[in-house]
Number of protein chains: 2
Amino acid sequence: MKALLLVKPKPEELQRLDQQFPSVSFSTDTKIAGEAEIVLGWDKTLAQQFLKGHHLKWVQAKSAGIDYFPLEKFRERKILLTNASGLHSRYIAETVTGYILMENRGFRESFKRPQTWLTPEVLEAREQAALILGTGKIGREIARYCRFLGMQVIGVNRHGMDSHLVDVFDDVISIKNFQTAGYQTKINYLISTLPGTPETKHFLNAKVFRKIAPGYTFINVGRGNTLVEDDLLELVDESWIRSAYLDVFEHEPLETVSRLWHHDKIVITPHIAGQIPHFRAALYPLFATNLDNYLTGKPMHNLVDLQAGY
Amino acid sequence: MKALLLVKPKPEELQRLDQQFPSVSFSTDTKIAGEAEIVLGWDKTLAQQFLKGHHLKWVQAKSAGIDYFPLEKFRERKILLTNASGLHSRYIAETVTGYILMENRGFRESFKRPQTWLTPEVLEAREQAALILGTGKIGREIARYCRFLGMQVIGVNRHGMDSHLVDVFDDVISIKNFQTAGYQTKINYLISTLPGTPETKHFLNAKVFRKIAPGYTFINVGRGNTLVEDDLLELVDESWIRSAYLDVFEHEPLETVSRLWHHDKIVITPHIAGQIPHFRAALYPLFATNLDNYLTGKPMHNLVDLQAGY
């Protein structure tokens with residue numbers, strides 16, 4: 001059984017795998033793409049080769065979002081796909097907290113006008129509420145950080161409140177409810193962790209934004225194509241939306257000329273929200289556990305629902 | 001007994017004071033400067049007038065730092081001075097946390113090169129240590145936030161570890177020890193909350209900076225004159241110091257041409273670290289409590305040691 005490792009292991013990591021799984025032959029050589037039953041990571045340019053040999057049975061992705069996989073083909077062929085959800089949560093929560101503190105402490109105003117000694121507005125976290133779209137691992141970790149700051153936290157998901165969410169969110173509403181009625185109680189931050197799926201595409205548009213009482217800051221650490229960027233610009237320009245912090249974009253890398261880079265009320269980071277300092281050290285234990293589950297027929301961690309797309 | 005309020009109260013705040021303290025006549029009119037026994041706030045341009053009438057007995061400052069008061073005169077005349085220490089702690093801790101997250105999540109690198117899609121280095125908070133100069137209310141609150149991020153926290157003060165600090169710091173060393181031996185165990189953040197006193201003036205110079213193992217980020221939310229700015233620039237240029245986040249300066253406002261504004265590895269905020277969103281609502285209760293203590297001869301909160309200067 002061949003496994004192709006597209007995230008290069010350290011020698012000691014490879015050694016550990018060889019010892020733990022003697023029945024698997026591990027390789028980092030993409031020449032075996034057509035013969036691999038298992039792939040760690042992904043490479044779009046090799047997708048054809050992965051699929052043509054009909055050997056591929058399981059892919060462990062290195063990201064939480066898996067919208068760059070040929071999901072339909074995976075469904076057809078019953079190829080298992082597991083994602084790296086959970087590994088990035090803490091870092092995304094740190095990034096979001098960084099954004100919130102920048103806004104609350106007046107950094108944005110100050111950084112957008114360098115060399116200027118100004119007195120920016122500052123905001124009180126203990127009086128604020130955040131609405132978090134998505135109550136998965138990432139949404140829950142963001143909620144934990146927001147609560148440490150003293151904020152109230154409301155979650156939005158498919159099913160509403162649930163026993164494993166009561167300790168994390170002050171309230172949870174369903175996305176259907178949110179899409180229809182919006183949210184009229186004042187919120188200060190709208191934080192999206194939505195994955196990129198056919199259902200979420202352009203979900204965040206003027207119609208939805210206007211259903212939330214004005215004056216909030218929008219944060220996107222989900223996927224770029226969930227947002228209609230022109231609608232966001234329009235609403236920021238008219239101050240319906242107070243400001244925006246964006247890490248993901250419809251087209252990446254974001255073009256140098258994009259108005260988003262140049263806007264006083266918009267802060268851009270180059271898709272780094274979930275960047276992990278020691279990525280391999282975090283990914284390999286997950287891969288090894290899942291490989292053991294795969295070989296022994298146990299339920300796998302982070303199995304993607306290929307129908308739902310996350 | 002006359003009290004001059006240099007922080008303008010809301011009508012309801014004034015009413016509350018009038019009711020609670022019928023023996024005191026409150027005014028916001030600086031014409032009574034020479035007759036006031038009590039002053040809330042301070043105005044350097046009125047200092048002569050405050051002192052000439054020999055009526056002044058107590059000043060409640062609106063800041064934590066009190067280096068802008070004529071402390072020698074206060075000592076001579078036995079004028080009581082209380083500061084607003086504690087009110088700003090949470091906000092300064094939020095600001096410092098904002099700086100740390102900016103550095104750890106790669107924001108600095110990204111913001112210093114706008115319109116550039118780059119992959120900055122990211123750092124792991126759980127592997128980091130912070131050395132905090134000052135273990136007063138501000139230092140302790142910063143420690144609490146650093147610990148939430150998963151960092152190890154070492155305090156530096158005059159006396160070393162103390163029973164009320166064991167729950168907040170992993171270790172506390174004396175400033176004498178620090179000044180002589182520095183700190184050789186790797187730290188990632190050197191955070192100064194030092195007040196501006198004759199003793200702390202230019203305390204943070206090349207000699208001290210070089211006694212700390214290289215590679216750390218320096219944060220100054222204390223006072224500007226505790227730092228030799230040219231020494232900092234030199235050490236940042238040679239990468240002994242990784243980067244710096246400065247909120248206070250020897251001369252404020254910081255000049256537009258200052259190299260500090262323009263440096264890739266230095267982030268400037270315009271003395272806003274402790275800015276309080278609802279300042280009066282926080283200050284007036286402290287003032288009322290202290291006024292009651294003053295009138296009834298009870299020990300006052302936040303009494304400044306005029307000899308030590310903080």
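Start with Ile191(A): setting aside residues up to four places away in sequence, this side of the model has Ile191(A) touching Val96(A), Ile100(A), Ala130(A), Leu131(A), Ile132(A), Leu133(A), Ile142(A), Cys146(A) and Ile219(A), where contact means heavy atoms within 4.5 Å. The model is a predicted one, in which local features need pLDDT of at least 70 and side-chain atom pairs count only at pLDDT 80 or more, while totals for chains, interfaces and linings use all residues. Residues are numbered from 1 along each chain as its sequence is written, chains are lettered from A and ligands numbered from 1 in the order in which they are written, and side-chain values use heavy atoms, with hydrogens and water left out.

Ile191(A) belongs to the largest nonpolar core, a set of 62 residues in which Ile142(A), Ile191(A), Ile142(B) and Ile191(B) touch the most other members. A nonpolar core here is a set of buried Ala, Val, Leu, Ile, Met, Phe, Trp, Tyr and Cys residues joined through side-chain atoms within 4.5 Å. Two or more residues come from each of α4 (89-104), β6 (129-133), α6 (137-148) and β9 (189-192) of chain A, together with α4 (89-104), β6 (129-133), α6 (137-148) and β9 (189-192) of chain B. Helices (H or I, at least four residues) and strands (E, at least two) are DSSP runs, numbered from the N terminus.

How do the two chains sit relative to each other? A rotation of 180° with 0.0 Å of shift along its axis puts chain A on chain B, with an RMSD of 0.0 Å; the two copies are thus related as by a two-fold rotation axis. In chain A, the C-alpha nearest that axis belongs to Gly98(A), 2.7 Å from it. The superposition is by least squares on the C-alpha atoms of residues with pLDDT of at least 70 in both copies.

As for the interface, chain A puts in 49 residues and chain B 49 residues. Of the interface residues of chain A, 100% are also interface residues in chain B, so the copies meet through the same surface. About 4400 Å² is buried between chain A and chain B, with carbon and sulfur atoms giving 66% of that area; buried area is the accessible area (1.4 Å probe) that two parts lose on being put together, summed over both. Salt bridges between chain A and chain B number 0.

Over all chains, though, the whole structure has 28 salt bridges, each being a side-chain nitrogen of Lys or Arg within 4 Å of a carboxyl oxygen of Asp or Glu. One of them pairs Lys2(B) with Glu35(B), the closest N and O atoms being 2.6 Å apart. Lys2(B) is in strand β1 (residues 2-5) of chain B and Glu35(B) in the loop between β2 (25-27) and β3 (38-40) of chain B, so the pair ties together parts that are 33 residues apart in sequence. Another joins Glu76(B) to Lys73(B), with the closest N and O atoms 3.9 Å apart; both lie in helix α3 (residues 71-77) of chain B, 3 residues apart, about one turn of the helix. Glu76(B) is exposed at a relative accessible area of 56%, while Lys73(B) is partly exposed at 35%. For these labels, buried means under 20% relative accessible area, exposed over 50%, and partly exposed in between (1.4 Å probe, protein chains only).

Arg108(B) and Glu103(B) also meet in a salt bridge (2.7 Å, N to O), and here Arg108(B) counts as buried at 10% relative accessibility, as does Glu103(B) at 2%. In chain A, Glu103(A), Arg108(A), Glu121(A) and Arg242(A) are linked in a network of salt bridges.

Then there is the backbone. A cis peptide bond joins Glu252(A) and Pro253(A), with omega about -5°, and Pro253(A) sits in the loop between β11 (241-246) and α10 (259-262) of chain A. In chain B, a cis peptide bond joins Glu252(B) and Pro253(B), again with omega about -5°. Ser239(B), a residue other than glycine, has a positive phi near 65°; Ser239(B) lies in the loop between α9 (229-237) and β11 of chain B. His271(B) is not a glycine either, yet has a positive phi of about 50°, and its place is the loop between β12 (266-268) and α11 (279-296) of chain B.
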